Amino acid sequence: MTNRTSLLLMFLLGAGVATGVTAQQRAAGTAAGTSPPATVADLRRMQPVSGDAQAGAGKAAVCAACHGAQGVAIAPNFPNLAGQSATYLYVQLKAFRDGQRSDPVMTGQAATLGDADMRDLASYYATLAPKPTGHADTASRGAQLYLAGDPAKGIPPCQGCHGPGGLGPQPHWSSAPQPPWATYPRLRGQSSLYVTKELGDFKNGARAGSSNAKVMQGVAATLGDEEVQTLSAYLDAL
Amino acid sequence: MLAQKGNRTTPKALALGLLAGLFGMQCAMAGDTSGTMRVGDMQYGNGLDLRGWTPMLHPADPDGMSWLHPGMLRTPTGVLYPYPPRVDAGKPLGSGDWTYSGLLEFGYLHVGGERNAEYFRQYDDWKSGAVLGLFALDFHNHRTGQYVELRGSRLSGDDQFYRLLAGRYGSYRVEGFYRDMPHTVSTNAYPIWNGVGSTDLTLPAPLVAGASTPAQVAAASAAAPRRSIGLTRTRAGLGYEGVLYRDWIGSASITNEKRSGTRLWGGSMFFNFPFPDNGGVLETVRPIDFRTTDVNLSLRNVGKVWHFLATYNGSFFRNHKDHLNFESPFALYNVAGTPQVADIKDGQFSLEPDNDYHNVRLDLSRELKWNGQFSVSGAWGTMRQNDALLAPTTCTGVGGIFIAPPVDYTFQCANWNTTDALSRKNANARIDTGLIDARVTFHPTPAFGWHAGLRWYREDDKTRYLAYNPLTGQYGYISENGSQGSVVPGETGIFDPNNPLYRSYMVTVRNNPFGYTDTLFELGGDWQFGRKSSLGVTYTFDHNWPKYRERRRVDDQRIKFDWVSRGVFGGATVRLSWEYAKRDGDRYNYDPYVQFFSESLPGFVEPVNGIAAHTVADMRKYDLSDRTESKARAIITYPWGESATLSATFYGNRDQYDALIGRQNTRTTGATLQWDWQPTPATTVNAYLGAESSRLGIANVNDADGPDNGKALGTPGQTDPNLGGPLYPFANQWWELDRESNRNGGFSLSHDFGRVRADLRYDYNGSFGHVGYSYATIGALANRVPAAVAAAATGFPDNKYRTNTLDLGLNFAVNRSVGVRVFGRYQTGAFSDWHYAGFDNTLSYDHRLYTDKGGQLHYSVSLVGVMLNLKL
């Protein structure tokens with residue numbers, strides 16, 4: 001090896017050591033909390049939550065004003081909460097509180113909730129009887145999209161995550177790593193107005209604050225207005 | 001992105017001329033053409049970046065593979081996937097739906113130390129100077145799924161690649177590429193001839209063909225300049241794959257590879273070692289000037305019931321330099337001691353002929369009940385070459401030896417140095433192949449499946465050539481351009497039924513059209529035990545009918561067991577396999593070749609003492625002998641926590657051959673151990689170790705060729721082919737035992753500090769080889785002069801080879817669009833091979849002249865580079 005090359009290599013090695021020290025110092029600074037909080041909630045490791053449903057009932061008075069005394073909404077622009085996945089409800093309350101999801105009413109309502117409050121409320125609504133089954137048109141375009149998707153347009157079947165009957169995911173056993181099934185909502189019986197709005201929020205990026213929302217953003221991007229309408233109508237009647 | 005519905009015309013500008021005419025059709029939405037390798041070349045990369053796109057892999061995306069799953073995912077067997085690169089969303093191109101992204105990496109390389117070290121630059125054209133590390137420019141249309149991707153890299157004019165890829169996902173793909181790849185064979189060669197790289201090697205003054213002394217040749221060799229021997233592969237291609245109509249997908253590609261350069265070659269003018277100051281053993285240099293054009297066409301259809309695939313593969317090889325003539329510096333003398341009448345001083349090789357290959361194949365498959373599938377394939381191929389044949393010799397004047405009337409072994413070169421001396425002017429060679437392959441598989445339950453297959457294949461060589469000279473009425477060919485017959489009386493290489501001197505000579509007069517028919521039956525099943533374990537058992541029966549070989553039938557039966565268990569030892573996947581095979585066949589005929597020798601021709605007169613045995617009857621060629629074989633393998637993959645994997649492989653093969661003479665046994669044993677750790681998207685650590693050893697045992701026997709090891713050739717009793725007979729006495733037996741072992745290990749670390757990413761890598765490669773032998777008596781030696789006997793030990797010196805390579809790289813991010821990469825490599829190597837022993841002193845030994853000194857015994861070389869990265 002020539003002297004010139006040796007010198008270059010030594011410089012390189014020296015630069016590597018020096019750079020490593022500087023970068024480690026910077027990394028330590030980051031760990032100390034100087035970086036901003038994450039804007040996207042990573043739910044991929046989310047485990048099912050539990051709470052005190054009875055205690056939750058006591059905290060639900062204000063919720064009933066919109067979501068109904070038994071968790072069935074008083075107007076179609078509000079979601080039905082009765083029978084919903086407790087984990088899903090907890091995650092949404094937490095997202096409203098932490099700013100990853102925004103709503104003129106819910107952001108304020110969730111701001112004062114503690115973690116136990118959110119668990120209790122979620123558990124309470126999960127125990128309520130869901131809205132009675134409707135009479136959906138199984139031959140409709142909405143049913144077709146929900147059950148089979150439309151590969152030509154890149155639309156995946158909704159039932160893959162939300163269950164064939166809209167009752168939430170029903171995964172088969174697999175040794176492969178599993179998605180956080182408990183964080184996926186049941187959709188059966190949600191009003192078409194509400195579903196249309198949420199799909200729109202996913203599509204335009206208004207609802208993008210979690211890893212699940214990232215999934216739904218990709219799905220909603222494949223849906224045209226007509227598909228959103230037919231899907232929403234199908235779920236409403238399901 | 002999947003294709004949008006609707007018809008549209010394939011952009012003819014992208015279909016690139018030739019293919020537009022073939023495929024200027026309507027593209028509908030159906031099928032996926034994005035993942036096949038029917039068009040384009042294999043890996044694009046070079047020594048600077050083996051992947052060909054490393055700069056685009058960083059930074060890693062901390063979100064991992066999927067929004068659905070937590071953390072890093074693993075393969076089904078537990079191996080970690082690397083973190084995916086962060087997707088570059090690109091920049092808008094105008095106001096439409098197109099976006100673009102790109103990268104330009106260029107800089108300067110400096111090579112220090114022994115930059116010509118053979119093993120350092122074997123497949124890389126390293127040199128100091130400016131280089132284009134990578135140029136990448138991608139265009140995507142997220143609405144239509146159309147894309148255009150350009151890649152390029154250039155180390156030098158002999159080491160570069162460029163690729164243009166365009167298409168529409170789910171619809172069509174067009175690829176064009178160009179690449180140059182160097183292949184250095186030697187950087188330490190000293191050919192003495194003029195005209196290296198051409199078809200004619202001539203001797204420089206003061207050397208004179210056929211009249212130079214060893215001292216003169218040694219001086220010329222010592223004064224010859226150092227040269228590199230090697231070639232460059234220039235490969236270019238164009239391909240298209242796309243939907244033709246509904247579910248019909250077609251592909252077409254044409255690839256052209258030009259190989260140009262030189263290669264080390266031989267040049268025999270008869271033995272030297274038993275005949276001091278006689279003969280000629282030369283290491284020459286031949287030209288490489290090949291062009292291979294490959295054409296591939298396919299049409300496939302995935303219907304609701306049947307799947308259909310038709311393919312055509314054509315390969316056309318052209319050699320623009322079909323011969324090599326060389327001048328030999330050495331004089332030849334006949335061993336009879338009579339005045340030398342011959343003046344043989346030139347040699348000639350016929351190099352590879354032009355040839356064409358065609359293969360058409362049809363595959364059909366359909367689904368069956370019980371989760372089953374049926375598939376059948378048929379193929380027909382033909383390989384042909386019909387080059388003009390070269391004259392049997394280039395000599396002039398007289399060849400051979402004149403002893404005394406009527407013992408005249410001379411021949412007139414004029415009767416052999418013309419194509420009129422051939423039985424026909426062109427090769428007219430042809431080999432046809434046929435294939436039928438059928439297979440059924442069923443999985444009637446999730447826990448059980450079975451399959452059966454039947455495959456028939458035939459290779460039929462239709463070439464027939466008789467070496468007959470109509471000018472002389474003689475058969476055979478002039479051996480070694482006339483040199484052999486000019487040293488040893490009668491060994492001219494010909495048979496002449498009308499000449500008492502040549503009517504008993506055994507020479508090859510016909511080509512052997514080797515071929516075979518093979519039928520293979522396979523039956524297998526697999527069982528699932530619970531959710532974590534499975535067993536597979538496969539039995540195969542391979543029935544082979546060779547043509548013109550020692551056996552007419554060879555049967556190979558094999559059974560294989562596979563066991564897979566997941567979740568053992570706290571989560572590990574264990575895969576075990578064992579197979580046992582037994583090969584036998586019909587009676588072994590040690591000499592099936594009578595029809596290809598002059599003994600089969602009319603007029604052949606058996607020698608007084610009979611025809612010496614063709615070979616020892618106890619010899620069993622390794623591809624036909626009875627054999628038992630067993631193979632075992634264990635692979636363990638252990639997920640060590642969430643971010644690490646430990647994997648180990650152990651394997652061994654054992655072969656035992658039933659042969660007194662021939663290959664006796666082989667054994668291979670090896671193990672690998674690897675640790676991969678990816679604690680964060682910013683950090684990757686790997687370490688590996690590997691070791692393998694193998695042994696090969698061979699038994700052989702020297703024929704009795706002199707009174708000191710039996711009897712001289714041509715004496716009575718040499719028709720006996722048996723081991724222990726007069727021609728193959730037990731005393732002449734010898735045995736060879738080859739041992740080889742390889743070791744490798746390495747460590748790599750990559751960490752992204754944010755503004756700086758550091759890479760460190762170390763690799764070690766080492767191999768050891770030993771050829772050992774033993775023998776019953778010195779009768780086993782070919783050369784039994786006292787010096788040779790004294791030098792005979794128990795083996796050749798050990799061969800050793802090892803390299804150590806250290807790579808270090810730093811990437812500085814100046815801003816979001818500009819980065820600097822500084823990197824270095826330091827490599828040391830050591831090499832020891834007895835084939836090249838002593839060449840450091842001289843390449844010339846009596847009438848033996850070598851050209852290549854071999855790899856550097858010790859070398860160290862360094863590479864330093866600075867590259868600027870610009871994000872476009």
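Reader: At what angle do helix 9 and helix 10 of chain A pack, and how far apart are their axes?

Author: In this predicted model, helix 9 (residues 192-204) of chain A packs against helix 10 (residues 211-220) of chain A at about 95°, with the axes 8 Å apart. Axes here are lines fitted to C-alpha atoms, for helices over the stretch in contact, and angles run from 0 to 180 degrees between N-to-C directions. Helices are DSSP runs of H or I with at least four residues, strands are runs of E with at least two, and both are numbered from the N terminus.

Reader: Why is helix 9 of chain A called roughly perpendicular to helix 10 of chain A?

Author: The angle is about 95°. Angles of 65 to 115 degrees count as roughly perpendicular, under 35 as roughly parallel, over 145 as roughly antiparallel and the rest as oblique. So the two helices of chain A are roughly perpendicular to each other.

Reader: Which residues meet there?

Author: From helix 9 of chain A come A:Leu199, A:Phe202 and A:Lys203, and they meet A:Ala213, A:Met216, A:Gln217 and A:Ala220 in helix 10 of chain A. Being in contact takes C-beta atoms, placed from the backbone, within 7 Å. By class, the contact of helix 9 with helix 10 of chain A has 5 nonpolar, 1 polar and 1 charged residues. Nonpolar covers Ala, Val, Leu, Ile, Met, Phe, Trp, Tyr, Cys and Pro, charged covers Asp, Glu, Lys and Arg, and the others, Gly among them, are polar.

Reader: How is chain A divided into domains?

Author: Domain 1 takes 3-16 + 133-237 and domain 2 takes 42-127, with bounds from an automatic or database domain assignment. Their C-alpha centres lie 21 Å apart, and 17 residues of domain 1 of chain A are in contact with 20 residues of domain 2 of chain A. Helix 9 and helix 10 of chain A turn up again here, as the elements giving two or more residues to the side of domain 1 that touches domain 2. That side divides into 6 nonpolar, 9 polar and 2 charged residues.

Reader: What makes the "binding site" positions of chain A a cluster in space?

Author: UniProt (unreviewed entry) places that feature at A:Cys63, A:Cys66, A:His67 and A:Met106. They are spread over 44 residues of sequence, yet the largest C-alpha distance is 11.6 Å. A:Cys63 lies in the loop between helix 2 (53-59) and helix 3 (64-67) of chain A. Keep in mind that UniProt annotations may be inferred rather than shown by experiment, that feature names are shortened, and that positions use the numbering given here.

Reader: What makes the peptide bond from B:His58 to B:Pro59 cis?

Author: Its omega is near 0°. B:Pro59 lies in the loop between strand 2 (26-27) and strand 3 (91-92) of chain B. The bond from B:Pro405 to B:Pro406 is cis as well, with omega near 0°.

Reader: How confident is the predictor in each chain?

Author: On pLDDT (the predictor's confidence in each residue, from 0 to 100), chain B has a mean of 92, and 95% of its residues reach 70 or more. Over residues 1-37 of chain B, though, pLDDT is below 50. Chain A averages 85, with 84% of the residues scoring at least 70. The model scores ipTM 0.79 and pTM 0.85.

Reader: How are things numbered, and which residues count?

Author: Residues run from 1 along each chain as its sequence is written, while chains are lettered from A and ligands numbered from 1 in the order in which they are written. As this is a predicted model, local features need pLDDT of at least 70 and side-chain atom pairs count only at pLDDT 80 or more, whereas totals for chains, interfaces and linings use all residues.

Methods
Contact = placed C-beta atoms within 7 Å.
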